[in-house]
Amino acid sequence: MRPAQQNDPVAEQLSLFRRVGYSIFPGMARQPEKRRGYRHFFNTLILHFRPRIVPERTLRFTLTWGLGGMAVVLVFMLIGTGLLLKFAYEPFPGRAYDSIVHLQNEVLFGQLIRNIHHWSANLLLVVVFLHFLRVFFTGAFHSPRQFNWIFGLTLFVTVLLSNFTGYLLPWDQLAYWAITICTGMLEYMPFGGAKIQHWIRGGTEIGPATLSNFYAIHTAILPGCVIILMAFHFWRVRKAGGLVMPRGPDEDAPSRGETVPTIPNLILREVVVALVLIAGILVLSVVLNAPLEAKANPGLSPNPTKAPWYFMGFQEMLLHFHPLFALFVIPFLIMCALVSIPYMRYPETTPGVWFVSSKGRRMALTGAVTGLIATPIGILLDEYVIDVVAWIPGIPSLLSNGVIPLALILAGVWGFYSVMKRRYGASREETVQMVFVFFLTAFVILTVTGIWFRGTAMKLAWP
Amino acid sequence: MKKQKTDQPESSRRKFLGKLWLGLGAIALIELVGLILTYLRPGKPRGSDDAGTVVEAGAVEKFLPDSVTAFVRGKFYLCRLEDGGFLALSRKCTHLGCTVPWVDKEKKFACPCHGSAFDIRGEVISPPAPRPLDAYAVSIENNVVKVNTKRPIKRSEFRKEALVYPKKA
Ligand code: HEM
Ligand code: FES
């Protein structure tokens, strides 16, 4: 034990500047031989969050594509710009729109801050979705990362809800009607959907109570959830011993291999990705303004009224299925499927291999092509040919637009699955991936149709 | 300091007290959640007493048979059918709640959002709307049509009894 350092002669001689510095960072004073200026401080700070060493193989850009890191950067950009927006924004129906207009026209850099928030939010959805795909296609959801997949899904839902609750705040026509129809969807949910709708609207219609609910949820509850979930997400990455080890389709599972110090190897890469991303967003925000339409008018629905683009897939389904199916049964099934992906029994697993195996790649391609052909055909058939009500008069729409088409689709997928499984002698991992790719393609096509191929009165039209 | 004995089997009293704490904690948690939920429950909207929910639409003669008149403040349409019966329809589409305009040329309500259409009686001509437009109670007193906009009436189909006729003079 060293004696107390009350009258440390060295410390006495130091400049005031140094002494203040040491009082803030005592570690630097105690271990002068280890420190190299402030770098030491930052290094130890970073090492509170990151491992000291990382396996070199996991640094490959083509493993992560930097997507998780980009999501983190975007989350922090959103929090930063969001806090600034809070100074200008007034969450009251009569004033919200005007406060945004004021921000854009009168406040220096107001438009820029709003644009950064807008583009970061939309990009975050894209990035998180791509990150989700990369985790799936590299098989990084297998043990021991099963539960981190669940954390990831929860994060995804939270990010979606954040975007959605933010959508109402500008109180323009776009916002008002998109939120009207999206909350209108809750009415079709069984087990208290109408009640939930009443709660989040704070009444029967979109009004002051809705806005203050959305404001509280968007600016406090959800950011809090995202930060907590992110902490758990990263902790689980650490617990799993870092990222999944990348390898080729025919390589054996590699050992940890060579490790390198996190600083500078990993940190440098992350900083590069972050800086490029931030630069990109700044450029985008300078050249492209976030949309703002006319002030909300409850008496006039624009034609067509569309949901936000990320809900367009569901909106498109709404045109084909009974609402109970489009908004409840199908999303519920999708969520169940996603949650159960890591918990299925896989006789053998190949974490770290892109698309499982060479066979897996071919099958995934077949799944994608099948989805690419089948979905537009389905949409066109339903739009122009199928008219169950005329064929079987008096059939309840729950059957004609719900049970029957869903059963047919699932039967079709089941047939496709069995044929492919037999033909390729495929493993569970490969078939699950193929079915995933099929539904993924279908969903993307539905979304694209909703965004670009629906004109007035939601009729099919060229963009 | 004396080391605490940890390898001794737990006494039943300690176990009991532990469980008791757990139970009390659970009760407190339930109470807290209940409290928060009650707090968050949407209350009565401000300034929504009964006054102002009954809208005086005007004299019977003002409305021609087979016509639809929009009441923007009351958020409803007053329809007079060909046989002279009155019907007040909510302007909220029963699909997802867009505001439906009346298209006089085509004699129908056409929802701009997802293409639902309703006839003058509020019945669905084309889906996806699942049920007719909601109605409001209409009454005719001293030849003046009044509409009570307090509560929309959900209907699964149009019924003739829903129409209100002026008393024959
Ligand atoms: C706000 C949203 C999210 C953020 C900020 C985030 C961030 C990250 C980061 C920084 C990593 C480290 C590796 C990398 O950069 O790829 C990671 C890994 C991981 N993420 Fe996410 N993520 C998010 C959403 C998701 C979603 C939607 C899923 C999937 C359902 C998911 C599942 C995983 C899994 C399983 C890993 C471990 C991968 C491995 O070990 O190779 N995350 N995440
Ligand atoms: S809200 Fe009227 S058709 Fe969807």
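Predicted model: local features only at pLDDT ≥ 70, side-chain atom pairs only at ≥ 80, totals over all residues.
The bond from S143(A) to P144(A) is cis, with omega near 5°. P144(A) sits in the loop that joins α8 and α9 of chain A. The bond from I263(A) to P264(A) is cis as well, and here omega is near 10°. P264(A), however, belongs to a helix, namely α13 of chain A, which covers residues 262-287.

I turn now to ligand 1. How many residues surround ligand 1? The number is 25, and the closest are H131(A), R134(A), R145(A), G152(A) and H233(A). In R145(A), a side-chain N or O atom is 2.7 Å from an oxygen atom of ligand 1. For R134(A), the corresponding distance, again from an N or O atom in the side chain to a ligand oxygen, is 3.1 Å. G68(A) takes part through its backbone: an N or O atom there lies 3.3 Å from an oxygen atom of ligand 1.

Which helices supply this shell? At least two residues each come from α6 (67-88), α8 (110-137), α9 (146-168) and α12 (208-239) of chain A. The greatest contribution is that of α9(A), with six residues. Sorted by class, the shell around ligand 1 consists of 16 nonpolar, seven polar and two charged residues.

Helix α12 of chain A brings us to the aromatic rings. Over all chains, the count is 33 aromatic pairs. One of them is formed by F232(A) and W235(A): the ring centres are 6.1 Å apart and the planes stand at 75°, so this pair is classed as edge-to-face. Both residues lie in α12 of chain A, three residues apart, which is about one turn of the helix.

Next, the salt bridges. Across all chains, the whole structure contains 13. One of them joins R454(A) to E316(A), whose closest N and O atoms are 2.7 Å apart.

Finally, let us consider where chain B and chain A meet. The contact involves 26 residues from chain A and 20 residues from chain B. Within chain B, the residues that lose the most area to chain A are P42(B), L96(B) and H114(B), which together make up 32% of what that side buries. The area buried between the two chains is about 1800 Å², and carbon and sulfur atoms give 60% of this.

Polar and charged groups also take part here. Between chain B and chain A there are five residue pairs in polar contact, and the count of salt bridges between these chains is two. One salt bridge is made by the side chains of E187(A) and R131(B), with 3.5 Å from N to O. As for the classes of residue, the side of chain B that touches chain A has eight nonpolar, six polar and six charged residues.

Definitions and conventions: Residues numbered from 1 in each chain as written. Chains lettered and ligands numbered in written order. Heavy atoms only, no water. Near = heavy atom within 4 Å. Polar contact = N/O pair within 3.5 Å; in protein donor to acceptor, adjacent residues only side chain to side chain. Helix = DSSP H or I, 4+ residues; strand = E, 2+ residues; numbered from the N terminus. Nonpolar A, V, L, I, M, F, W, Y, C, P; charged D, E, K, R; others polar. Contact = heavy atoms within 4.5 Å. Buried area = accessible area lost by both parts, 1.4 Å probe. Salt bridge = Lys/Arg side-chain N within 4 Å of Asp/Glu carboxyl O. Phe/Tyr/Trp six-rings, centres within 6.5 Å; stacked < 30°, edge-to-face > 60°.
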